[in-house]
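Please keep the sequence and the model side by side while reading. The paragraphs below are meant to be followed with both in view.

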Amino acid sequence: MTETKKWFSDCYRRNLVDMHIEDWDPIFLSEFVPEDYYRNLKKAHIQAPMLYLQSHVGHCYFPTKVGHMHRCLDGREDLIKRLVSLCRKGGMHPVGYYSLIYNTVEEEKHPEWRLYDRPDGSTPHSRGEGRYGFCCPNNPDYRAFLKAQIAEMAEFFRDENGELMLDGMFYDMTFWPNICHCEHCRSRWAEETGRDPGEMPVNVDWGNPDFVSFVHIRERWMGDFAAFVTNETKRVMPGVSVEHNYAHAVASDSSLIGSSELVNDACDYTGGDLYGTLYNHSFTAKYYYGVTQNQPFEYMTCRCDPSLRVHTVSKSDEHLAVEIMLTAAHHGASFVIDAIDPVGTLNPVVYERLGRVFERQMPYEPYFRGDMIADAGVYYPTTGRYNTQGQGFTAKTCAVNLTTILIEEHIPTAVVSHRTEDLSRYPIICAPQITGLPDGRADALIDYVKNGGTLYFSGAEEPELLKAFFGAELLRYTEENAVYLAPEEAVQGCFGEFTKKYPLPTEYRLPVIRLPEQSGAAILATMVLPYTKPSEARFASIHSNPPGLKTEIPALIEAGYGAGRVGWRAAPVELANYSYAAKQVFVKLFERLLPRKEQMICADAPKQVEIVSFAGNDEILISAVDLLCTEELLPIRDFSVSVKADGAPVSVTRLASSEKPEEVLPFTYENGKINFSVHGLVMFDMFRIGF
């Protein structure tokens with residue numbers, strides 16, 4: 001197998017035009033003109049267009065013997081091939097698009113391939129409940145079909161010299177849309193577990209260890225499927241890159257989806273399409289940066305507002321620009337998704353807009369280098385998106401929320417996973433509501449602390465950590481779902497207005513643990529329960545459950561371990577969004593573990609400004625992004641930035657943009673810190689500290 005060509009290493013402007021178009025009407029795609037499509041890509045300064053070779057519908061945009069070719073290609077079978085050729089000759093890097101699992105045509109043609117969610121063999125599509133047909137990745141005949149299709153694409157998309165015209169392949173929908181009941185899933189599960197196929201746990205029950213084990217098995221199956229597709233692609237298309245859509249590693253709130261790091265292992269670089277807030281965008285960019293096998297990672301956003309469901313409404317220049325510049329701040333590749341008109345045309349206004357937006361990014365692309373600076377590593381396991389107690393939060397929701405708080409506090413932050421090899425580079429690892437750790441990863445966290453790291457974790461889904469650090473035993477969970485945290489004197493300053501009499505409220509059932517008698521752990525807060533239990537009809541106060549019953553149950557613990565420190569919270573205090581005061585409790589407790597003076601980079605910017613920094617050879621690159629930027633493009637008040645450095649720099653420069661020339665900034669160097677001010681930030685600026 002030949003080495004992958006790393007065409008993507010300096011390619012930051014990418015595009016896809018969705019072509020999930022049916023063919024029951026001859027007008028569909030009848031006006032598709034490759035030359036028009038190509039001209040629009042050139043307007044938008046696209047470097048890597050992703051081009052449809054097939055779609056969720058299952059129609060192929062190439063001649064196929066095993067599948068179904070879209071009717072629009074009748075008599076012009078080389079339609080997409082011509083587009084691929086135009087892009088390649090124009091200096092672009094064409095990437096082919098192919099939809100896995102989602103294939104309506106093949107589900108209808110081959111009912112035996114169905115990924116069905118009911119024992120009767122039906123699917124949402126067959127019941128008329130959904131647009132999409134699903135094929136099971138465990139079905140050997142479906143896998144044989146995919147192998148044949150990949151070979152057909154490899155043979156067809158070649159130039160007159162027999163050279164492959166595709167630089168990469170992108171495979172969409174590499175995840176489980178449902179729990180499949182088919183015979184192939186049941187027999188594979190039975191073979192791997194040694195149990196009867198009829199015992200496969202198909203009913204969602206996160207409190208059932210058998211079901212949790214089944215979910216992790218499905219994650220492994222999906223990783224195996226992704227590897228099969230990648231290996232087959234590289235076998236018949238030597239040198240191409242392969243990417244699987246890794247959006248659901250972040251977009252989904254449940255591990256049921258099966259999109260784990262095992263899927264990412266089959267990708268040359270990490271990417272996916274996301275549709276959340278800019279804070280979610282930032283979390284994903286950090287996660288993708290941390291897990292990608294090659295930089296840059298790829299962040300996909302759509303040009304429609306708010307989503308592709310609204311075909312004719314586009315985001316404004318400013319809306320698109322802030323999304324693209326946030327990816328640029330993380331040195332990632334921005335990928336904008338459009339959707340073709342059913343007749344096969346594109347709106348040129350969209351590509352003129354996209355060209356203007358990418359022109360904002362282009363001056364900064366030469367500076368997308370170095371390694372991300374991070375004091376805090378937020379631990380996010382894709383395998384832990386569940387809650388065994390049935391409560392409305394998971395490791396994912398807690399990790400995203402914690403990252404948002406750290407962004408607002410201007411604490412340099414990365415997102416790490418169980419694929420992160422060197423945890424020691426981070427002064428603190430935050431593992432909120434840590435759940436679903438693969439074998440050996442608890443040991444990695446324990447060793448990290450033993451060797452001098454600081455760990456913050458919450459919850460009790462991984463009792464092995466409680467046992468290792470504190471000798472603690474998980475006894476049960478409270479029946480009460482309104483539990484208060486009463487601070488001890490040592491941390492009263494962190495709790496602000498919350499005291500033993502007026503403790504910090506939570507809205508969750510919390511784990512009850514028992515510490516050994518000779519524990520060296522410091523109990524910093526205990527639980528206070530309301531006067532009544534949820535099962536009781538009576539109450540103390542008609543509108544609330546005020547604190548009433550003091551306990552000695554530990555709620556916050558800190559302890560030394562080896563050369564490091566550990567802080568544990570029974571409650572997910574990182575979810576403290578219900579009040580500013582509650583959020584500040586989390587921030588102050590966090591500062592006990594990572595004091596401000598130990599941060600690599602500090603800023604007194606408004607909370608809406610994110611600071612993202614990279615260090616490289618003789619330079620530090622700092623980006624500032626307004627995460628609340630609107631079409632008004634209002635300037636942010638002036639703020640200062642402080643950077644730890646072993647020596648004074650030669651210069652501090654605000655880099656040139658498409659709108660402003662480069663500017664050399666005044667700075668000071670005192671007590672090992674470089675200090676400079678930022679004036680008039682509007683949406684985005686990048687600064688270079690040169691040594």
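Predicted model: local features only at pLDDT ≥ 70, side-chain atom pairs only at ≥ 80, totals over all residues.

Residues are numbered from 1 along each chain as its sequence is written, and side-chain values use heavy atoms, with hydrogens and water left out.

Helices and strands here are DSSP runs (H or I of at least four residues for helices, E of at least two for strands), numbered from the N terminus. Helix H12 (residues 395-408) packs against helix H16 (residues 580-593) at an angle of about 75°, the two axes being 11 Å apart; axes are lines fitted to C-alpha atoms, for helices over the stretch in contact, and angles run from 0 to 180 degrees between N-to-C directions. H12 is therefore roughly perpendicular to H16, given that angles under 35 degrees count as roughly parallel, over 145 as roughly antiparallel, 65 to 115 as roughly perpendicular and the rest as oblique. From H12 the contact (heavy atoms within 4.5 Å) draws on Leu402, Ile405, Leu406 and Glu408, and from H16 on Lys583, Phe586, Val587 and Phe590.

Aromatic rings come next. Rings of Phe, Tyr and Trp (its six-membered ring) pair if their centres lie within 6.5 Å, and planes under 30 degrees apart count as stacked, over 60 as edge-to-face and the rest as tilted. By this rule the count comes to 39 aromatic pairs. In one of them, Tyr102 and Tyr132 have ring centres 5.2 Å apart and planes at 50°, so the pair is tilted. This pair links distant parts of the chain, since Tyr102 lies in the loop between strand S5 (95-99) and helix H3 (104-109) and Tyr132 in the loop between H3 and helix H4 (140-156), 30 residues apart. Tyr102 is buried, with a relative accessible area of 8%, whereas Tyr132 is partly exposed at 39%; buried means under 20% relative accessible area, exposed over 50%, and partly exposed in between (1.4 Å probe, protein chains only). The rings of Tyr288 and Phe297, with centres 6.4 Å apart and planes at 65°, form an edge-to-face pair; Tyr288 is buried at 0% relative accessibility, and Phe297 is buried with a relative accessible area of 0%. One aromatic cluster is formed by Trp176, Trp206, Phe211, Phe214, Trp221 and Tyr386.

A charge sits over a ring if NZ of Lys or CZ of Arg is within 6 Å of the ring centre and within 35 degrees of the ring normal. The charged end of Arg14 is placed in this way over the ring of Tyr269, 5.1 Å from its centre, and Lys81 lies over the face of Phe156, at 4.7 Å from the ring centre.

Three residues remain. Thr454, in strand S15 (residues 454-458), is buried at 9% relative accessibility. Pro534 belongs to the loop between strand S20 (522-530) and strand S21 (547-561) and is partly exposed, with a relative accessible area of 47%; its C-alpha atom is separated by 7.3 Å from that of Glu479, 55 residues apart along the chain. Lys607, in the loop between strand S23 (601-603) and strand S24 (609-616), has its C-alpha atom 6.5 Å from that of Glu409, although the two are 198 residues apart along the chain. Leaving aside neighbours within four places in sequence, the contacts of Lys607 include Glu408 and Tyr580.
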